[in-house]
Amino acid sequence: MGNNPSNTIPERSLNRDCITLSRHVLQELKSFSPDAQDLSSLMNRIALAGKLISRRLSRAGLLEGVLGFTGEVNVQGESVKKLDIYANQVFISVFEQSGLVCRLASEEMEKPYYIPENCPIGRYTLVYDPIDGSSNVDINLNVGSIFAVRRQQGDDLKEEATDLLQDGYQQLAAGYILYGPSTMLVYTIGTGVHSFILDPSLGEFILAQENIQIPEHGPIYSVNEGNFWQWDESIREYVRYVHSVDGYVSRYSGALVGDIHRILMQGGVFLYPGTQKQPNGKLRLLYESAPLGWLIEQAGGKVSNGRENLLRVVPDHLHARTPLIIGSKRDVELVESFIKKG
Ligand code: P6P
């Protein structure tokens with residue numbers, strides 16, 4: 001048999017299939033220390049949660065009682081979808097057995113969920129939005145999970161979780177899982193931004209791209225223009241500007257993770273400014289904006305609340321909201337320049 005190339009598996013793809021998420025974390029940390037092993041295990045648990053949620057989403061429309069609303073309203077005052085509850089519980093179940101996490105704080109829970117038996121061992125807290133953009137679920141559009149790992153500060157576990165209220169640079173790991181045509185996990189542990197794609201035939205997240213760099217500038221501006229009447233004049237001036245020159249493209253899906261992923265890959269800016277109804281913006285700082293902000297900064301981009309670096313902002317409570325301007329450095333700075341002028 002000649003050396004027919006079609007009969008051989010290209011070495012690269014085989015090697016690539018062997019770079020699982022947990023191995024990648026250890027590779028990135030260049031260490032097998034207990035902390036590195038912890039982080040590797042934590043990321044593995046997050047991947048397991050992603051697989052379970054992805055499986056549920058892919059069959060949601062076929063199963064009874066999976067889609068639709070529970071009839072409840074969450075701490076955010078938003079109607080709760082059955083999948084929100086399911087996904088929230090997936091993360092709890094996955095981490096309850098991990099022995100690593102002492103506490104989980106989520107958009108869906110007014111107070112953090114404590115895992116007492118883990119606390120002497122667990123040195124970490126998981127903050128997460130289990131299903132972001134859940135309004136898209138019933139119409140089969142992309143949704144996402146957002147996560148960050150923070151170190152457990154002290155062992156007096158107060159209900160208010162005030163020790164959790166730290167700036168974005170205290171995050172040890174952050175990222176998102178995008179449930180789209182494929183399920184993609186994008187993460188950082190402070191050594192750049194890397195993406196993995198779920199191979200359902202393997203049941204593994206396989207390395208897709210390392211050290212993703214966001215373009216310095218991009219054509220996309222992503223904002224809900226239906227709020228135009230509620231914005232400060234400076235934001236209106238910015239939108240009038242991008243309406244008036246060539247080269248800008250409006251893209252907005254109503255689901256943060258997909259909109260951010262598009263900005264990461266193609267460049268541009270996403271903004272959710274304060275409005276008359278929500279002067280501090282709609283998006284939450286601890287488990288939405290800070291994880292995405294650190295990831296985008298790690299990819300060479302920028303994140304701001306309009307006045308300052310968002311990663312330096314300390315939330316005043318667990319579910320604190322923030323205006324969010326995030327994306328390519330030059331595009332974020334253009335928005336900031338209109339705010340400064342205003
Ligand atoms: P609006 C989804 O509810 C979400 O939290 C984000 O995923 C999304 O970016 C934003 O709200 C959309 O909000 O007000 O534009 O519908």
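Guide: Gladly. First, a caution: this is a predicted model. We can start with strand E5.

Visitor: How do you know that strand E5 and strand E6 pair, and in which sense?

Guide: Pairing needs at least two bridges between the strands. E5 and E6 (residues 143-151) have seven, in the antiparallel sense. So by that cut-off the two strands pair. Aspartate 129, for one, stands opposite isoleucine 146 in E6.

Visitor: What makes strand E3 and E5 a pair, and in which sense?

Guide: The same test applies: at least two bridges. Strand E3 (residues 101-106) and E5 share five bridges, in the parallel sense. They therefore count as paired. Here valine 101 stands opposite tyrosine 124 in E5.

Visitor: Why is E5 called mostly covered?

Guide: Buried means under 20% relative accessible area. Nine of the nine residues of E5 (residues 124-132) are buried. By that cut-off, the strand is therefore mostly covered.

Visitor: What makes a set of residues a nonpolar core, and which members touch the most others in the largest one?

Guide: The members must be buried nonpolar residues, joined through side-chain atoms within 4.5 Å. The largest such core has 43 residues. Met43, Ile46, Phe95, Leu104, Leu126, Leu185 and Tyr187 touch the most other members. Helix H3 (residues 34-59) gives the largest share, eight residues. A second, separate core has 40 residues, including Ile214, Ile263, Leu264 and Leu295.

Visitor: With which residues is methionine 43 in contact, leaving aside neighbours within four places in sequence?

Guide: Contact means heavy atoms within 4.5 Å. On that basis methionine 43 is in contact with Leu21, Val25, Phe147, Ala173, Leu185 and Tyr187.

Visitor: How many helices and strands does the protein chain have?

Guide: Eight helices and 15 strands.

Visitor: Why is the protein chain called as compact as a globular protein of that length?

Guide: Set the value against the rule. The radius of gyration is 20 Å, and the globule rule gives 20 Å for 342 residues. Of the 342 residues, 53% count as buried.

Visitor: Where do the domain bounds fall, and how many residues of each domain are in contact with the other?

Guide: The domain assignment gives domain 1 (21-209) and domain 2 (220-341). Their C-alpha centres lie 23 Å apart. Across the boundary, 46 residues of domain 1 are in contact with 33 residues of domain 2.

Technical notes. Residues are numbered from 1 along each chain as its sequence is written. This is a predicted model: local features need pLDDT of at least 70, side-chain atom pairs count only at pLDDT 80 or more; totals for chains, interfaces and linings use all residues. Side-chain values use heavy atoms; hydrogens and water are left out. Buried means under 20% relative accessible area, exposed over 50%, partly exposed in between (1.4 Å probe, protein chains only). Helices (H or I, at least four residues) and strands (E, at least two) are DSSP runs, numbered from the N terminus. The radius of gyration is taken over C-alpha atoms; the globule rule is 2.2 Å times the number of residues to the power 0.38. Domain bounds come from an automatic or database domain assignment.
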